[in-house]
Amino acid sequence: MTYRIGSRLAAASLALALGTGLALTPGATPRAEARQAIDLSDLAERVIDAVVNISTSTRVDAAAGQRPGPQGRRPGQPGAPGAPGNPGSGPGAPFDELFEEFFRRRGENPPGGPNGQPAPQRRQSSLGSGFVIDASGIVITNNHVIDNADEITVIFNDGTRLKAELVGRDREIDVAVLRVQPTRPLKAVNMADSDRIRIGEAVMAIGNPLGLGGTVTAGIVSAKNRDIQSGPFDNYIQTDAAINRGNSGGPLFNMAGDVIGINTAIFSQTGGNIGIAFAIPANTARPIIAQLREFGETRRGWLGVRIQEVTDEIAESLNLGTRRGALIAGVEPNGPAGPGGIKTGDVIVSFDGREVRNSRELPRIVSETAVGKAVPVIVMRGGKEETLMVTLGRREGNIQQASTGQQPQGQAPRPANPTVSALGLQLSGLTQEMRQRFRVRDDVRGVVVTQVDPNSRAAERAIQAGNVILEVQNEAVNSPADVTRRIEALRAEGRSSALFLVANAEGDRRFVALTLR
C-alpha cells in the first residue's frame, strides 16, 4: 500500500525529521517539497563507491543439509533481533525448489549423486555488505557475514571483483577486517565520533539487501545505547532506515558522509524490515578494528570482577543517593582488581575518568582500555567515594555477570539444628549435614537458607532453599543469630533495607536488597 504526503504541513514535518531545515517554497506542491526535503543524491554519489558487496562461498555437507554461519542471522528467535544476512543459495534457499523442479520436468536428476541424491559436498554462497576505510584495501564488515567462509569476494560499485583475505575478526561485537589488493587506490570513507550523534538525527544506509547491491535508504537515529542481549558490549544505534537481509556489515552514514555505525541486526517477526534496525557505533568498533589490523586479534582490558546491576533497593541500602554504577559481586583471586584495592560490595561509579552509569557500561569501558594501563577507579564504599589505581590485565574469557535469576533449587530438608526465621527466610547453621543435603561446596561459609516464604520479598528476589547468606550489609555472618542481630541493628539505625550477599551451592555470588519492614 502506498501512502502519500497530503499536505504542506506533512512535507515540512518530513523535512524537519530528516534534519534538512528546508522551508516550503511559495507555490511549490507538497510532493515537490517532499522530494526536495529527502534529496540525498549528492551525498549518496559521494560515498557509494566506498560501499561494497561481500560474497562468500562455503563447502557444506549437502547430505546433512547444513547451513553454516555466513548466510545466517545472528542468534535470535522470530520476533527477536537477528542479523540482516542474505539467504543466499544454500540448502533450503528460495531458489532451490525451482532449481530442482527445472530438472525434474526435463526428466533429469538435479546435479549431484545418483538417483537425485546430493553430492557429498556442495558450495553454498551468501551475500552481505561492507565498506572501505583505507584506500590501500582495508574493508570492514560483520563477522557473521564471513563466518565459516572458505572464499571471500569483495564486489565494488563498478562491478570489480577482488578476492579478500581475513585480517582478523571479533565475534563479540561482530566485526571483521578484510584486505584486498587493488590496482589503484580505492574510495574510502571516514568513521565519525558516534558519541556525538543525537536522537532524531538524519542517517543514510547503503548496502546489498536481498542481493540488490548499491541500495540507498534513509531515516533517523531512533535511539542510542540499545541492549539487544547479543553480547556483553551491546550499545547499538537504533534506526528506522530500511535494513534487510544482506545489509549486514554495511555503513550507516551521517549527513556529512562519515560512518557512524555498522548495520548489524534487525528486529522482525518476518525477516523483513519493520523500521527497527541496529548498528554497531563507530566508537565501539574503532578500537577493535585498530587491534585487528595491528595484531590480527583483540586485546581487551580485564579488571577481574563479577558485576551486578544496582537496583533502587541496593542504591538505598548502600547510601548511593541515586541508582548508578556497577556493583562488585566478586573479585577474581588472580585478577588485577584485588591488588588494586577493589573489594566485594564496592560500587564502581567512574573508570579511567569515564562515568559508569550502570553495570552494562563497565565491561565496555574496561574492554576499550589498553592492557597494562594504570587507571583511576572511583568506588563508593560505605557511603563515601574512594579513588583506587588499578593496572589492567588482558581479558581472555567471558565477562562475568552476577546472576540475578533462579538457581537450581535444592530440596528443603528437615534441619537437624534449630532454625531462625527472618524476612521470610528459615535460616540454619551450615553444618556438614546441611552441606551434604544442599551439596554446598566446602569453601562456602555462611548461613544456609532452608525454606523461603513464597509470598516474601526474598522469594521475589529468587532466594531459594540451599542458598547461603555470606554477609548482611557488608558484615560476614556465620550463624542465624548473626543474621538476626545484624537486621535488628540496621532497623535501630533507621534503615529500611539491608544488602545481603548470597551464594548458591557452587559459590556463585550476588547481592540482594531486602526490605526490613
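Helix 6, which spans residues 282–295 of this predicted model, contains 14 residues and extends 20 Å from its first C-alpha to its last, close to the 20 Å expected at 1.5 Å a residue, where the expected span is 1.5 Å times one less than the number of residues. Helices (H or I, at least four residues) and strands (E, at least two) are DSSP runs numbered from the N terminus. The buried residues of helix 6 are A282, N283, T284, A285, I288, I289, Q291 and L292; buried denotes a relative accessible area under 20%, exposed one over 50%, and partly exposed one in between, with a 1.4 Å probe and protein chains only. An α-helix has 3.6 residues a turn, so residues three or four places apart point the same way. Helix 6 is followed by G296, whose phi is positive, near 80 degrees, and R299 lies over the face of F295 at 3.7 Å from the ring centre, a charge being counted over a ring if NZ of Lys or CZ of Arg is within 6 Å of the ring centre and within 35 degrees of the ring normal.

The largest nonpolar core has 33 residues, a nonpolar core being a set of buried Ala, Val, Leu, Ile, Met, Phe, Trp, Tyr and Cys residues joined through side-chain atoms within 4.5 Å. Those with the most contacts inside this core are I140, V175, M204, F253 and I289. Among the elements that each supply at least two residues of the core are helix 3 (41–47), strand 3 (122–134), strand 14 and helix 6, and the largest share, five residues, comes from helix 6. M204 touches, among others, L40, L43, V216, P251 and F253, not counting residues up to four places away in sequence, where contact means heavy atoms within 4.5 Å. A second, separate core of 25 residues includes L430, M434, L501 and A503.

The structure holds one aromatic pair. The rings of Y236 and F278 have their centres 6.2 Å apart and their planes at 65 degrees, so the pair is edge-to-face; rings of Phe, Tyr and Trp (its six-membered ring) pair if their centres lie within 6.5 Å, with planes under 30 degrees apart counted as stacked, over 60 as edge-to-face and the rest as tilted. The pair links distant parts of the chain, with Y236 in strand 11 (residues 236–239) and F278 in strand 14 (residues 277–281), 42 residues apart, and both Y236 and F278 are buried.

N148 lies in the loop between helix 5 (143–146) and strand 5 (151–155) and is partly exposed, with a relative accessible area of 41%, whereas L423 is placed in the loop between strand 23 (420–422) and strand 24. In strand 24 (residues 425–429) is G429, which is buried, with a relative accessible area of 13%.

Overall, the protein has 11 helices and 29 strands, and buried residues make up 49% of its 517 residues. The mean pLDDT, the predictor's confidence in each residue from 0 to 100, is 78, but pLDDT stays under 50 over residues 1–26 and is below 50 over residues 398–416. Residues are numbered from 1 along each chain as its sequence is written, and side-chain values use heavy atoms, with hydrogens and water left out. Because the model is predicted, local features need pLDDT of at least 70 and side-chain atom pairs count only at pLDDT 80 or more, while totals for chains, interfaces and linings use all residues.
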